[in-house]
Amino acid sequence: MSETNINPKDVKLTPPKGVNPWKYLKNVMSLSPVDTSTMKFGDIPEGVMRLGGTFVLSKAVDGTIDEIYRWEDKVPGDHPEVEDVLKYV
């Protein structure tokens with residue numbers, strides 16, 4: 001599912017549906033693990049450069065685990081819609 005050569009300008013970064021954008025931004029800033037006493041203006045925190053993803057796994061009776069949903073962040077801050085993930089739960 002991995003895409004290559006993604007232009008970050010082509011990715012629309014929005015809070016999840018139903019979430020106040022201003023409140024979302026405030027929460028992101030307050031929850032980010034950044035030591036503001038050592039950060040200089042213009043510095044990019046290490047965590048911003050890391051990409052993540054969202055996975056839904058299913059465990060069968062025999063103990064095997066299958067991946068039934070996978071989302072790979074294209075750029076930092078990218079996320080799937082909650083409704084899309086919940087379809088697999």
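These legends describe an overview and several close-up views of one predicted model. In this predicted model, local features need pLDDT of at least 70, side-chain atom pairs count only at pLDDT 80 or more, and totals for chains, interfaces and linings use all residues. Residues are numbered from 1 along each chain as its sequence is written, and side-chain values use heavy atoms, with hydrogens and water left out.

**Overview. The protein has two helices and two strands.** Along the sequence, the pattern reads α-β-β-α. Helices (H or I, at least four residues) and strands (E, at least two) are DSSP runs, numbered from the N terminus. Of the 89 residues, 15% are buried. Buried means under 20% relative accessible area, exposed means over 50%, and partly exposed lies in between (1.4 Å probe, protein chains only). The protein exposes about 7,700 Å², and carbon and sulfur atoms supply 57% of it. Accessible areas come from the Shrake-Rupley method with a 1.4 Å probe; for residues, only the protein chains shown count as cover. Take the contacts with a separation of 6 or more: residues 24 or more positions apart account for 40% of them. A contact means heavy atoms within 4.5 Å.

**Close-up 1. Phe55, Leu57 and Ile65 form a nonpolar patch on the surface.** Together they have about 320 Å² of accessible area. Patches are made of residues with over 30% relative accessible area and no salt bridge; like charges are joined within 9 Å, and nonpolar side chains (Val, Leu, Ile, Met, Phe, Trp, Tyr) within 5 Å. Leu57 is found in strand 1, residues 53-59. Its relative accessibility is 55%, so Leu57 counts as exposed.

**Close-up 2. Asp73 lies in the loop between strand 2 (65-72) and helix 2 (82-86).** Asp73 is buried because its relative accessible area is 17%. Its side chain makes a polar contact of 3.0 Å with the side chain of Trp71. A polar contact is a pair of N or O atoms within 3.5 Å; within protein, one must be able to donate a hydrogen and the other to accept it, and residues adjacent in sequence count only if both atoms are side-chain atoms. Leaving aside residues up to four places away in sequence, Asp73 touches Leu51, Gly52, Gly53, Asp78 and His79.

**Close-up 3. The structure holds one aromatic pair.** The ring centres of Tyr69 and Tyr88 are 5.0 Å apart and the planes meet at 35°, so the pair is tilted. Rings of Phe, Tyr and Trp (its six-membered ring) pair if their centres lie within 6.5 Å; planes under 30 degrees apart count as stacked, over 60 as edge-to-face and the rest as tilted. Tyr69 lies in strand 2 and Tyr88 in the segment after helix 2, so the pair ties together parts that are 19 residues apart in sequence. Tyr69 is buried, with a relative accessible area of 11%. Tyr88 is partly exposed, at 40%.

**Close-up 4. Glu67, Arg70 and Glu72 are linked in a network of salt bridges.** A salt bridge is a side-chain nitrogen of Lys or Arg within 4 Å of a carboxyl oxygen of Asp or Glu. Between Arg70 and Glu67, the closest N and O atoms are 3.2 Å apart. Between Glu72 and Arg70, the closest N and O atoms are 2.8 Å apart. Arg70 is partly exposed, with a relative accessible area of 30%. Glu67 is partly exposed at 43%, and Glu72 is partly exposed at 26%.

**Close-up 5. Lys87 forms a salt bridge with Asp84.** Their closest N and O atoms are 3.6 Å apart. Lys87 counts as exposed, at 63% relative accessibility. Asp84 is partly exposed, at 32%. The whole structure holds three salt bridges.
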